[in-house]
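Student: Could we go through this structure together? I would like to start with the overall picture and then look at some details.

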Amino acid sequence: PAVIRREDYCPPAWAVPDITLDFRLDPAETRVRATLSVTRNGAHDEPLRLDGAGQTPVSVTVDGAVVDDWRIEGEQLVVPLPGDAHIVETEVVIAPDRNTQLMGLYASGGNLCTQCEAEGFRRITFFPDRPDVLSVYRVRMTADARRFPVLLANGDPVAKGTNDDGTHWAEWHDPYPKPSYLFALVAGDLAVNRSTFTTMSGREVELGIWVRAADLAKTDHALHALKLSMAWDERIYGREYDLDVFNIVAVDDFNFGAMENKGLNIFNSRYILADPDTATDYDYDAIAAVVAHEYFHNWSGNRITCRDWFQLSLKEGFTVYRDQCFSADQGSAAVKRIEEVRGLRASQFPEDSGPLAHPVRPESYIEISNFYTATIYNKGAELIRMMATILDPAKFRAATDLYFSRFDGTAATCEDFVACMEEAGGVDLRQFRLWYSQAGTPRVSAGLSHEPGGGRAVLRLAQHVPPSPGQPVKQPMVLPLKVRLFGAETGRPLTDEQLILLDQAAETITFEAVTERPVLSINRGFSAPVVIESDRSAADLAFLSAHDDDPFARYEAMQQLMLDTLVAGTINGEMNAQAVIDAVARTLAAEGLEPAFLAEAVLLPSENFIGDQLAMVDPDAIHAARESLRRQIGQALTPVWRRLYGEMAQGAYVYSPDAKGRRRLRSVALGYIAASGAEDAAALALAQFDAADNMTDRQAALTTLVSSDAPERDIALERFHARYADNALVLDKWFQTQALSSRDDTGAVVATLAEHPTFTLANPNRARALIGAFGMNQRAFNAANGSGYRFLADQLIALDRLNPQTAAKLLPPLGRWRRFDGNRAQLMRAELARIVATPGLSKDLFEQASKSLD
Ligand code: HT7
Ligand code: ZN
């Protein structure tokens, strides 16, 4: 397949200032007439090239006259045009109900909806389907009035009516020029939860969340989050909503989380629907974050879009940063930061050190859908955060104001954004730009020495950026590291917090008059997305976990202590658990720490993360070490866990930061009680499962039970399935929980679940719940006989025929072969080779599998 390169970017030969779309909607056969006003862009004699995917035009007219000198080249419709401005009309027929890829116009749950980012519009009609062609859209839809009573599109509604043949129609107009990837329509039988929002300039915006009627009661949380987001973007960034209506539609079949189509966001229903009985606290938080994210795109993405897809992080990194700050403002900022870093380490760091590593602004791709990655989104957000740190809040706001005003209505680049940061911030970001072009997670070694007797402390820092595919040698980056020293004897801070901009391969920082032995707190708040390698002892880490005044650094010290212990346990087969037990006990006994923070602080690093620290992953040894430490912490602190389990119990369910934190700490306590081997643990968990008035507590109990051999396990699984048999989103939890079980039979159970009557690869949520979760289960997936690898490859090959994008997203666990012993590596490579050799493979899966083999 062809490789698309950033360096080959050329501006579009033809602009399309206006487009009118006329849809005769029908699931089996939809007719699309597109009328494009096109203008020649610059002096050239290129024909008009319109992207398509598979379809042939029924007709092509130019300025009202049928023409026949058009041709199809590859998948493009090529129309020679004599003048500088023309009206070009095409008509095509498409079949939404046969669209299993869920890109373009497709059917979900009896309704019709669209997904056009990145290149889905070309599956609807012929068009220059690239983000730098901005057009004003007028859309007319005609459909059966009974099957599709609701007809929605971007922008504002302008007219509607009925026809004599049982159809009705609606017209929408979006006055803001937009790229084709932001086009959307929905036709369906939907109910709406309506409200209004008054913007800062006093305009009233009509808000609507559209779902199937039975789900209407589950939309209040999303609607509330939407209003909070609108107010937040006005307050923090001065950004006001610009249309008279803002609609959100939830659909069950969706390749991603949600889509920011102008004025008509379309969501995976898992990021809209919530009530206490079916959604966990995690779900509630994720819904608010995704609603905010899509809403924030109205400015960072829609009003200012991307020049080309290599600039994807321009909108995604910035918008993730914005949604992270929004979420931090809704509850505990410290816990939110911990969750972000945990997520970054779980997905972005492994990506950045594996065969699919790529820069935040990639240089090439085969299939752009493969680049909606943790690197583009989450590392991209870290880049924005670092610039905000370097500039300070006031200058950062001045810089975003400049960016929004200078590039409003245009398709911009990452470079444009950084230039605004430089100009308004008065800083030089020349070297910082390496963050956009160099892949790989920098590693920073930090060594602190001290002259006893009130002397100097010297901090020696050195950075190294590991090689990544296509980038064998790296230059030093700019790393903003927040540091502070604490006195080992008094526990008091010895310095203020300092921001060190490490921009050399190695640097030395001197602190004068340090009166007692200092302990180093570094990368506070996770100020740079790097790995810190320090020689801090277990005692110093335990000290920081008790004394550091930065909550993130405090959490981090505990994590590092646990990690060092677990790595030693994995390698040596035995470990000294006492330092961890003491640190956990001290943290749990400390005054003034919120339950949500305690819950995060005392959780052990995941098996995957332990594996990421090792040159050679031994999944069984890692599992054994982690289970042993869990058991020892559980046993040694049994009275504490029991007390917390009782104290954290609450009355009727409420969703608030404090109530969430208490539920979380209680479930962590339950986990440690079970890990201790307590005889009553399964009964306790089943009692919690049965008594719970909310999904958070119920799922926590199920998660505890699903890894046990107790009879309560099957009882809970059966009850869960029976209770939620009609709720697809909750059944996903049932599949996922089992795929993540640490029992020895998980591989076999997952294979059986893949044959379950309610399992289907056609629904991405279901596929991710079982197949995706299984790939994350380090021990089960990496069974030494290769059964996990074979299972995943079989599923991916089958899924690729239906939905290549989703298949490609689930491949990365097979690409970790370099980290495993020769036997496993060979088995993984054999499955990758089998995938690559599959006839008719999509370019999505081909790109991921072939790069993973290299
Ligand atoms: N900007 C949206 C990306 C997206 C997407 C990409 C590929 C295939 C399907 C997709 N659906 C949505 C989502 C976002 O970042 O807000
Ligand atoms: Zn986004």
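Predicted model: local features only at pLDDT ≥ 70, side-chain atom pairs only at ≥ 80, totals over all residues.

Student: How many helices and strands does the protein chain have?

Tutor: The protein chain contains 27 helices and 31 strands. Its radius of gyration is 28 Å, close to the 29 Å that the globule rule gives for 854 residues, so the chain is as compact as a globular protein of that length.

Student: And what box do the C-alpha atoms fill?

Tutor: Along the principal axes, the C-alpha atoms of the protein chain fill a box of roughly 90 × 60 × 60 Å.

Student: What share of the residues counts as buried?

Tutor: Of the 854 residues, 52% count as buried. As for contacts between residues at least 6 apart in sequence, 69% of them join residues at least 24 apart.

Student: Let us turn to helix 11. Which residues does helix 11 span, and what is its reach?

Tutor: Helix 11 covers residues 578-589, twelve residues in total. From its first C-alpha to its last it reaches 16 Å, close to the 16 Å expected at 1.5 Å a residue.

Student: Which residues of helix 11 are buried?

Tutor: V580, A583 and V584 are buried in helix 11. They cover an arc of only 100° around the axis, which puts them on the same side of helix 11.

Student: What do the buried residues of helix 11 pack against?

Tutor: Their packing partners are helix 9 (538-547), helix 10 (551-572) and helix 14 (619-636). The face of helix 11 turned away from the buried side carries the exposed residues Q578 and A589.

Student: A change of topic: where is I376 found? And is I376 buried or exposed?

Tutor: I376 is found in helix 5, which comprises residues 374-391. I376 is buried, because 26 other C-beta atoms lie within 10 Å and 20 or more are required for that class.

Student: Which residues does I376 touch, leaving out those up to four places away in sequence?

Tutor: On that basis, I376 touches L312, S313, E316, G317, V360 and F371. R662 is 286 residues from I376 along the chain, and their C-alpha atoms are separated by 34 Å.

Student: How many bridges join strand 7 to strand 8?

Tutor: Three bridges join these antiparallel strands, strand 8 being residues 76-79. I72 stands opposite L77 in strand 8.

Student: What about the open sheet of four strands: which order does it have?

Tutor: Its strands follow the order 10-11-16-13, and the pairing is antiparallel. Strand 10 (104-108) and strand 13 (150-153) are at the edges with a single partner strand each, so one side of each lacks a neighbour in the sheet. On average, neighbouring strands of this sheet are turned by 20° against each other, direction ignored.

Student: How many bridges join strand 13 to strand 16?

Tutor: Strand 13 is joined to strand 16 (residues 185-188) by four bridges, and the two run antiparallel. The bridge partner of L152 in strand 16 is V186.

Definitions and conventions. Residues numbered from 1 in each chain as written. Chains lettered and ligands numbered in written order. Rg over C-alpha atoms; globule rule 2.2 N^0.38 Å. Buried ≥ 20, exposed ≤ 12 C-beta atoms within 10 Å, placed from the backbone. Contact = placed C-beta atoms within 7 Å. Expected span 1.5 Å × (residues − 1). Arc of directions from axis to C-beta. Pairing = 2+ DSSP bridges. Axes fitted to C-alpha atoms, helices over the stretch in contact; angles between N-to-C directions.
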